[in-house]
Amino acid sequence: MKRSRAFVLTELLTGMALQAGFLLVMCTAFYMMLSFYTRTQQVLTARERGQRVIAYFDTRIRHAGLGLWKCTSSRDINNSLSSISQLEGINFPVALTSDYTDTTITNSLGHKTYCGNILTLLYAERNIASSNILNLVVVNNNYQSADIVATPTAFRLINNGHKFRDSDFYHYVNSQMSPRVIYKYGSVQRFAVMTTSGVPFLLQCDVNNGNSYKFNVYKAGTSTISAKINPMDELLYLKCKRLFVESENFKYIDFTDDWGKKTPHEKGILEIYMELDTVTKIFDLYVLSTGGEDNSTERSKPENWPDNARWKDEYLKQSIYISHASWKMHNLENIAL
């Protein structure tokens, strides 16, 4: 009986040891799976944040310089905007600046390249103010092209303007507001472009005639470039934005009659870095985003983060992801950068 009892005790101890080992393995596996899941979710979050920033850039960068094909340099564009002192000295339509380094480098192809982490963008946008997309197609009384000159040239919308109040060109007449703006609800005059005209021009609306919304077109600024308004072309808004990162937030500023407030668009963005090749007219955007703090692994600076971009070692404590996108700037082909 004693031998039997000793043998049973040994079996119990062995079974308990095996169970403890099995539980330890299970707990370790669960912890590793949980850590892997957490890190994966952080990387996916960081990636999604970077992709949302790229999506915000996409349509705006594609439309940078649209309707400005007659302008051969930034000087030509600035001459049209000469009435806006806050925009003097900006190399439109795509101006790259930096708050930490030089903004001109020579890239691997030997091309002069602008770089930086702040983008000031001049771009055209179709009317998207209402739920029913309204194409602002214009005509005049004789359906003939008309020169853009300093004196007013009258035009109207092809649909008689019955939905013109749905567009952002609609305004309430207020002579106290600034007469020279890029885009501002309630202003008297606004800059606009058309794909066939090639230069910015001023547009003044007249809403004093019931539903017959008419407007006059004027030459803008000190520009000496000859251009025409062609019937059956579409009015496009001329907009200006400044894009940058501040306090781990991707933000933008809309220019109206002055630079407005900073508007946060996407959190968890550590840095952005951009390059514009002046020869190939290719624009590159790099977005360094985070999914949250993660000290569980050792990291080093990612190889795909550009050498000229700002880097801080504190980023190594974050779960980071680098998003990259490139655009061919077809609208800049005629503009010397």
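Reply: Strands 16 and 17 pair in the antiparallel sense, with 10 bridges between them. The model is predicted: local features need pLDDT of at least 70, side-chain atom pairs count only at pLDDT 80 or more, and totals for chains, interfaces and linings use all residues. Residues are numbered from 1 along each chain as its sequence is written, and side-chain values use heavy atoms, with hydrogens and water left out.

Me: What makes strand 16 and strand 17 a pair?

Reply: Two strands pair if DSSP finds at least two bridges between them; strands themselves are DSSP runs (E, at least two residues), numbered from the N terminus. With 10 bridges, strand 16 and strand 17 therefore count as paired. Within this pairing, Leu285 has Ala325 of strand 17 as its bridge partner.

Me: How do you know that strand 15 and strand 16 pair?

Reply: Seven bridges join strand 15 (residues 269-277) to strand 16 (residues 282-293), and the two run antiparallel. Ile272 stands opposite Val287 of strand 16. The two strands form a hairpin with four residues between them, and Lys281 in the turn has a positive phi of about 60°.

Me: What makes strand 16 mostly covered?

Reply: Nine of the 12 residues in strand 16 are buried. Buried means under 20% relative accessible area, exposed over 50%, and partly exposed in between (1.4 Å probe, protein chains only).

Me: Why are Cys115 and Cys240 called buried?

Reply: Cys115 has a relative accessible area of 1% and is therefore buried. Cys240 also counts as buried, because its relative accessibility is 1%. A search of the whole structure finds zero disulfides (pairs of cysteine sulfur atoms within 2.5 Å).

Me: What makes a space a cavity rather than a pocket?

Reply: On a 1 Å grid over the protein atoms alone, a cavity is a set of points where a 1.4 Å probe fits but cannot get out, whereas a pocket is an open set with protein on both sides within 12 Å along at least five of seven lines. Lining residues have an atom within 4 Å of a point. One cavity of 30 Å³ or more is counted, and the largest cavity holds about 40 Å³ of space. Its lining includes Ser80, Ile148 and Lys219. The largest pocket holds about 230 Å³ and is lined by 15 residues, with Ile90, Asn91, Val94, Ala95 and Leu96 nearest its centre.

Methods:
Grid points are joined across faces, edges and corners, and a volume is the space filled by probe spheres set on the points.
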